[in-house]
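Please examine the sequence and the structure shown here before reading on. The paragraphs below then lead through selected parts of the chain.

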Amino acid sequence: MQLPNEFVTKYKKLMGAEAEEFLSALAQPSYSGFRVNPLKNSQPDATIADAKGKVPYVPTGYYGQVKGKALDHVAGWVYSQEPSAMFVGEVVNPQAGERVLDLCAAPGGKTTHLAAKMANKGLLVANEIFPKRAKILAENLERWGAKNAVVVSESPADLEKQFTHYFDRILVDAPCSGEGMFRKEPAGIEYWSTDYPRECANRQQKILDSAMKMLKPGGTLVYSTCTFAPEEDEQNISWLITKYPALKLVPIEKAPGMDDGRPEWADGNEELKKTVRLFPHHIKGEGHFIAKVVDSRKANSTIKKSKKKSKRRKSSVVRPDKEQLRLFEQFREQVFPNYQSQQLILFGDQLYDLPAQMDTDYLNGLNALRPGLHLGTFKKNRFEPALAWALASLPAESQRTLEISRDQWQQYVHGDVIKIDNNLPNGWYLLVCDQHTCGFGKLVDKTVKNFYPKGLRF
Ligand SMILES: C[S@@+](CC[C@H](N)C(=O)[O-])C[C@H]1O[C@@H](n2cnc3c(N)ncnc32)[C@H](O)[C@@H]1O
């Protein structure tokens, strides 16, 4: 990997005596990691067996690699994530029942972590500006089994018109110059120039301004980047707390190897030491910067209304009709008798369960890819359950499970029918392989019809 000369000169000056150690760490191989999913019913023993140890500062984190086509991954028991990036979710630390926004969320490394910490209680809005990336985010959240996530694709400037001072907690995992990803993805070096961090910092400030319009008084904002550039890190936080004096930096508890933020790389404000830097020459990871601020105003203080017009209009969200409800209930009673829906809404012929915390008005004018948990599709006179619902449920929640072997699971993800040899009644079943819920199948005379989505088959 050839680092640009200007980059080397810049960091020699900034890092001083540490520069050599830092620059030679960038020439070493990168670290991989994964998190296990506490929303599932058991531990992914097969993947953990191949791990290269625990990430000390993330209870669910391990070093090592995930096999993309392994059952543990396909059923959402693990998520591949670079080890230093895992600390962000720990710092955000959302609580069950809160309203949380992940503003720059794709592909979903941090969102899945936040969903796990919220234990599916509350509202998690995951936004990604680029629709194609938002689609990947939605797929990753479905695999993870998130029930309380709403996936949207908006610019921060548009989203702020919708959710004025709405969220208890916001994560801005900002698009950045990505210097911490150089050794993992050397192609990123080509985008780098001496001006690039400043350009990124300007964009990040706009995103932070939008985030501030969406944060409740008393709320918490976490800002993170995977770059070392002070312009995007300490200098941006210094800019933020100067512009919004109600914001106070919260000290981030550091694990061994983590560094304080560097006030001398910004305006010298000692408060910046409360932020954290993860450097590749001090921890086993690629590098991150994280800052946590809290809005010190009382939670019920009034806020001047924005002059910008809200995009929101009164809800025109469609609810399922009587016949659709009957079809849905028929399935629910048979397969998940204890499932309690929150707000059943229709997007075309797709049925979703919108988290109770989110008023349906908020969906108006919003490009929502996944307005809650996808339950299924209404087809001519029938209801077909969605894979997302299977992945978000546990075997014990269903009274209609069908155990399949690893070989049968391979047939299933390949799109084949599965032949079984027992006398179970015909109808829908939640398919379970080695405790992993992995989809639905419809049993018709000892043949399980395959409903695994065509686009996911392999
Ligand atoms: C660092 S990545 C997010 C990674 C993600 N949080 C995760 O852990 O998987 C930043 C994201 O911001 C998005 N982005 C790019 N430009 C943006 C903008 N102007 N406003 C908001 N998001 C933007 C990118 O598409 C990218 O998905």
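The model is predicted: local features need pLDDT of at least 70, side-chain atom pairs count only at pLDDT 80 or more, and totals for chains, interfaces and linings use all residues. Residues are numbered from 1 along each chain as its sequence is written.

An unreviewed UniProt entry places the feature "domain: SAM-dependent MTase RsmB/NOP-type" at residues 1-296; such positions are given in the numbering used here, feature names are shortened, and annotations may be inferred rather than shown by experiment. Over residues 1-296 the chain is 31% helix and 19% strand, with the end C-alpha atoms 45 Å apart. Helices (H or I, at least four residues) and strands (E, at least two) are DSSP runs, numbered from the N terminus.

Around the ligand there are 17 residues, of which Cys104, Gly109, Lys110, Asp173 and Pro175 come nearest; a residue is near a molecule if its C-beta atom, placed from the backbone, lies within 6 Å of it. This shell comprises nine nonpolar, three polar and five charged residues, where Ala, Val, Leu, Ile, Met, Phe, Trp, Tyr, Cys and Pro count as nonpolar, Asp, Glu, Lys and Arg as charged, and the others, Gly among them, as polar. Helices H6 (109-117) and H9 (196-214) each supply at least two residues of the shell.

Eight of the nine residues of H6 are buried, including Gly109 and Lys110. A residue is buried if 20 or more other C-beta atoms lie within 10 Å of its own, exposed if 12 or fewer, and partly exposed in between, with C-beta atoms placed from the backbone. Alanine 119, which follows H6, has a positive phi near 50°.

Strand S8 (residues 215-225) is also mostly covered, with nine of its eleven residues buried. Six bridges join S8 to strand S7 (residues 167-173) in a parallel arrangement; strands pair if DSSP finds at least two bridges between them. Valine 172 stands opposite tyrosine 223 of S8. Six bridges also join S8 to strand S12 (residues 288-295), and these two strands run antiparallel. Here threonine 220 has valine 294 in S12 as its bridge partner.

Finally, glutamine 435 lies in the loop between strands S20 (427-433) and S21 (436-444). Glutamine 435 counts as partly exposed because 17 C-beta neighbours lie inside 10 Å.
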